[in-house]
Amino acid sequence: MSNSSRGPAVRASPAAGSSAGSSDTLSGSPDSFLTVRSIDLLKSRDGLNRREHRTDAFIHDKLIVRRGQTFQMWIDLSRPFNPKTDRLHLELRLDYMFTSVRGIRIMVWLVDDLEDGRWEMKIVEQKDTKIRLSVNTPASASIGQYKVSVVTYSRKGGMIFPYAQNNEFYVLFNPWCEDDPVYLDNEAERRECVLNNMGRIYYGTELQIGTRTWNFAQFEEDVLEASLLVLERARVSVTAWGDPVIVCRVISALVNSNDDQGILEGNWSESFAGGTAPTAWSGSGDILRQYYKSSGTPVKFAQCWVYAGVTNSVLRCLGIPTRCVTNFSSAHDTDFSMTTDIYIDDKLEVIKESTNDSVWNFHVWNESWMTRPDLPVGHGGWQVVDSTPQEPSQGSYRCGPTSVTAVRNGEVNLKYDTPFVFAEVNSDKIFWQRKADGSFSQVHVEKNSIGQHISTKAVGSDMRIEITHLYKHPEGSEEERMAVETASRYGSKPMMYPFPLANDVTVEIIMEGAGPRMGGDAKLSLILKNRSSVQRSTTLLCEVLVMYYTGVLKASLKKERVPVILKPQEIKSIPWILQYGEYMNHLVDQGALMLTVTGRVNQTKQILATQFNFRLRTPDLTITPVGEAVMGKELTVKISFQNPLQQVLKNVVFRIEGLGIQSVRKILYGDVEKLATVTLTEKFVLVFSGPQKLLASMDCRQLTQVHGVADIVVKRL
């Protein structure tokens, strides 16, 4: 047998008159002690166990199995096993791996027939002194690293083959097992949400959706250990490690480091000194390895898509079907009102110190698939898990798991964190104006501006699909309004739910095509409609602000007042332009801008108000393989990029990963002149065959979110 492990045998309970050093201990006599010479857990990556349990992709030298499924092992004994007089059982130990915290002990008994739901084993083959066992794991077993010892009994007494470093195996969740709470009944979805190590993360604005490929790296070296280290950091009993609801809630807290020693330290400032800019990461592998090898020191730095990418990696690694989801125009409700409140003064300008709620251009979280026995029937399926630290939940920065079904129906009384997620996707944006006495009154309501184009990667392809319908009923429908009203009753302003305001003038902001590019002028249009039969007039206040993608404002770039006269039933388009010179020295990490337009109709005193988020699109990296890609051979790849700005890019760094590379290749390029084109030539030795992806990103202070991906099919020799 291969992959065997050996260790000394220890007496368990010797028979009367016998001694541990008796010569018949190693005798082949049926009446002699029965000892274990070696254990073979059949742990090779291409062996039957790893293939049947779909864990052969793990770059790991230990046996990794999925619970609720049997696995095979061999035991080599000192003599042939006699079922009439001999007995044996396994003792499994599940402890914390990285501290001295003790866990649980499990006895696995030898039976004639295996039954589902139990730790049991049976002999399926016997060859001389060797026996092959089929070991059954229950679908409720705790995940983690199990250590194995063997206890044998004969007429002479008992012997223990003790725990040894080589006698370990890992147990994961099993979405292929119908009895596992994470069971997913679609094979294509299981392959996508558990086995696919590459994915797509979406960013930008609702009208300018950008895409970046992310290397989840869930099967790479040290990632499994890092994931279990995170569980241990939560100080949760290992008996709870079998519950995906608890595991997801723990992971959502421990991927961020706000109130614990979690994986990632967030940074929404303009300086990333001492760490890596969030936009520079393109995969989770380096992050998790760095965290593991530093014994749990938080990695710098992250923003929402990095938190989501790492959460996706950890949960897929542990066997929970998980995907990344992006919500555009994502609200951040700070006062549990279930509304997004904008406060303006008598001059129609936003009162920034009073407006605590914000709307992020986009926010990325995760969905994990599981049953929810802790909720009413019908609330299982996709659950929101969000590791970005926004608001505390039960004393810790975490969010979820939140039933998507509960969000859709406005059932914000159901755990966990449903009110916060509901507000992110379906809160009404309410404009409040300060009156002379200092109080505020509602002057305008936008019912369908929050929660747009909720997106995830399609199963089996790199296409983007929209899943907004999973989070809310069609905007404006009776069902959607009922969900909003249901949710509001549980909020901090249950008696102040917005009511419709009569109006006959509307204003909206329109962007043509894919929108403006970095380095050029930004051009939008203001569309006003007068639905009345008489003339209307107003003066629009147009203010454009630079902001972080989270909705936090940095600075005002341009403010102007535009007088407008509308004839009866007239539709008028007014061009609005932001020149390159007006923004070039003021942008922050995502090139994000927000145009706010407010006004008062002179004849009716109707308030007009709307906001429009947009970004300045960045160029892509072009990745071009040179020649044929053959496993075991060297492949040359050219990576090209053109600086779109009329300024020098300082301290440019390129990062490359994929194609089976076990660590990110980092290239410190230096400066790139204004409007200059850069071409890198890199060589790779191809170690895997089949469809592969090569990812590249460029990062510098002046320009972020520049990346590219190439699909490369590697042939066998």
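**Salt bridges and nonpolar cores**

Glutamate 187 and arginine 190 stand three residues apart in helix H2 (residues 187-195), so about one helical turn separates them. In this predicted model, their side chains meet in a salt bridge, with an N to O distance of 2.8 Å. The cut-off behind the second assignment is a relative accessible area under 20%.

Across the whole structure, a search finds 34 salt bridges. One of them joins the side chains of arginine 665 and glutamate 682, at 3.0 Å from N to O. Arginine 665 belongs to strand S38 (residues 665-672) and glutamate 682 to strand S39 (residues 677-685), so this pair ties together parts that are 17 residues apart in sequence. Arginine 665 is partly exposed, with a relative accessibility of 28%. Glutamate 682, in contrast, is buried, its relative accessible area being 15%.

A further salt bridge is formed by the side chains of aspartate 711 and lysine 693, with 2.6 Å between N and O. Here too the residues come from two strands: aspartate 711 lies in S41 (residues 706-714) and lysine 693 in S40 (residues 690-699), so that parts 18 residues apart in sequence are tied together. Aspartate 711 is exposed, at 55% relative accessible area, while lysine 693 is buried, at 14%. Both residues also take part in a network of salt bridges that links them with Arg200 and Asp462.

Nonpolar side chains were examined next. The largest nonpolar core comprises 90 residues, and Leu90, Phe169, Ile263 and Leu264 have the most contacts inside it. Helix H6 (residues 304-318) is the element that gives the most to this core, supplying 10 residues. Two domains are represented in the core: domain 1 (36-172) and domain 2 (187-489) each provide at least three residues.

The surroundings of leucine 264 were examined in more detail. When residues up to four places away in sequence are not counted, leucine 264 touches Val255, Asn256, Ser257, Ile287, Val299, Phe301, Ala302, Val306, Tyr307 and Val310.

Terms used
Residues are numbered from 1 along each chain as its sequence is written. This is a predicted model: local features need pLDDT of at least 70, side-chain atom pairs count only at pLDDT 80 or more; totals for chains, interfaces and linings use all residues. Side-chain values use heavy atoms; hydrogens and water are left out. A nonpolar core is a set of buried Ala, Val, Leu, Ile, Met, Phe, Trp, Tyr and Cys residues joined through side-chain atoms within 4.5 Å. Buried means under 20% relative accessible area, exposed over 50%, partly exposed in between (1.4 Å probe, protein chains only). Helices (H or I, at least four residues) and strands (E, at least two) are DSSP runs, numbered from the N terminus. Domain bounds come from an automatic or database domain assignment. Contact means heavy atoms within 4.5 Å. A salt bridge is a side-chain nitrogen of Lys or Arg within 4 Å of a carboxyl oxygen of Asp or Glu.
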